[in-house]
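Welcome! Keep the structure in view as you read.

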Amino acid sequence: MLAAKFICLSLCLAGPAAAAESPLRNIALRFYGFIQTDIIADTTAGFNEEQGNSLVPPRAAAPGAPNSAGRHHRTQTSVRNSRVGLDLGLPKADGSDVRAVFEFDLMGNNAPNTQPGSSPKEQSERDFFNNPAVRLRHAFVSATRGAWNAKLGQTWSLLGWQPHYFPAEAIVQPGPGQLYRRFAQARITLTQVIKETWELETAADLAKPAQMDSGSPEFHAGARLASTRVKGASISGASASMEALSAAVSCAFIPVRTASLGSPTGEAVAFDIFFPVIPS
C-alpha cells in the first residue's frame, strides 16, 4: 500500500435550548464520517484492496510454467472504505441515556464474492470500484442507566472485546487472522468503578446464530478491566482513538447443526491486553 488518505467530517445538530415548545429540544443529532482514498501498489496481481487470507501468487504455477499473476504488478485506487453515520441522542429521562446509531460504508458486494475480472460476466472492475454497493456496518439502540447498559441491534462482536483491541494499522481491516465481526445481538453490560482508577466491565449477549438452521442463537460473555487514567493513542483502520491500559477475556458458544455429526457446539476463548508504550 502506497498511502491511505482520509478526511473526517463531523456535524452536530441540536434543537434550540430556549424553545421549550420545539420537538427537537434536547435531541442531539451527530452526522459523522470520512472520505478515504486508498492507493495500493502490489508487485503481484493476486490481492484485492482488503488483505484477507490470500496467498502470494508464485512466479511459476509449476516448474517451467510461468504464472501471469505472480509476474505482473497491480495498482488499485479505491474509495470503498469511506463511511457515513448518524448518531441520534434522545432526551434524557429518569436518568437514562438513549442513543441510536446508523453507520454505512461502500464495501458492499452485489455480485458473487470474487476478485474483479476473475469470473467473466459476474463482476467487472467498473462496477466493483466505481459503483460500489452501500453496506450496513452498525444499526443499534443503546440505553444506559447508572452502571447498566443495554444494546439491541447490529454492532461489534463481544468475542475479543471488539473494537478495543484492533491492531493499530492503517489498512482496510480486517487483517489475516484478526477477530473482526459484526452481527445483530441483544447485549447487557455492567460497568463498575474500582477505587476511582479502574473500571470493570462484564457483559453477555445473545447473538445472530452462525447458521440459520442451528435452532439456537450464539452466546457470548466477557470481562474487561481498564484503567481510567492511563491511556494511549491507537489507530483502528481509518480512525484514531484513545484506548485505556486494559486486559480482557471473552468467550463464545456457537451451536451448529449438521447432517452427519448431529448438533455440536463450537467454543472459542480470547485473551486481550492493551499496553500503551507512550501513555497519555
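Seven residues, Leu29, Phe31, Val84, Leu86, Leu88, Leu90 and Phe102, form a nonpolar surface patch of about 530 Å². Keep in mind that this is a predicted model.

Which strands each supply at least two residues of the nonpolar patch? They are strand E2 (28–42) and strand E6 (83–89). The largest share, three residues, comes from E6. Leucine 29, one of the patch residues, sits in strand E2.

## The chain as a whole

Of the 280 residues in the chain, 34% are buried. The chain exposes about 16500 Å², and carbon and sulfur atoms supply 62% of that area.

Contacts also tell us how the chain folds back on itself. Take the contacts between residues at least 6 apart in sequence: 62% of them join residues at least 24 apart.

## The largest nonpolar core

The largest nonpolar core has six residues in all: Leu158, Trp161, Tyr165, Ala203, Ala248 and Phe274.

Leaving out residues up to four places away in sequence, phenylalanine 274 touches Tyr165, Gly232, Ser234, Glu243, Ala244, Leu245 and Ser246. Among these, Tyr165 is also a member of the core.

Is serine 78 buried or exposed? Serine 78 is buried, because its relative accessible area is 4%, and buried means under 20%. This residue belongs to strand E5 (residues 74–78). A polar atom of the serine 78 side chain lies 3.1 Å from the backbone nitrogen of arginine 80. Not counting residues up to four places away in sequence, serine 78 touches Gln36, Thr37, Asp38, Glu49 and Phe129.

Where is serine 214 placed? Look in the loop between strand E11 (198–207) and strand E12 (218–236). Serine 214 counts as buried because its relative accessibility is 7%. Its side chain reaches the backbone oxygen of serine 216 at 2.8 Å. Apart from neighbours within four places in sequence, serine 214 is in contact with Pro209, Pro255, Val256 and Arg257.

Definitions and conventions: Residues numbered from 1 in each chain as written. Predicted model: local features only at pLDDT ≥ 70, side-chain atom pairs only at ≥ 80, totals over all residues. Heavy atoms only, no water. Helix = DSSP H or I, 4+ residues; strand = E, 2+ residues; numbered from the N terminus. Buried < 20%, exposed > 50% of the residue type's maximum accessible area, 1.4 Å probe, protein only. Polar contact = N/O pair within 3.5 Å; in protein donor to acceptor, adjacent residues only side chain to side chain. Contact = heavy atoms within 4.5 Å. Patch = residues over 30% accessible without salt bridge, like charges linked within 9 Å, V, L, I, M, F, W, Y side chains within 5 Å. Areas by Shrake-Rupley, 256 points an atom, 1.4 Å probe, with all protein chains shown as cover. Salt bridge = Lys/Arg side-chain N within 4 Å of Asp/Glu carboxyl O. Core = buried A, V, L, I, M, F, W, Y, C linked by side-chain atoms within 4.5 Å.
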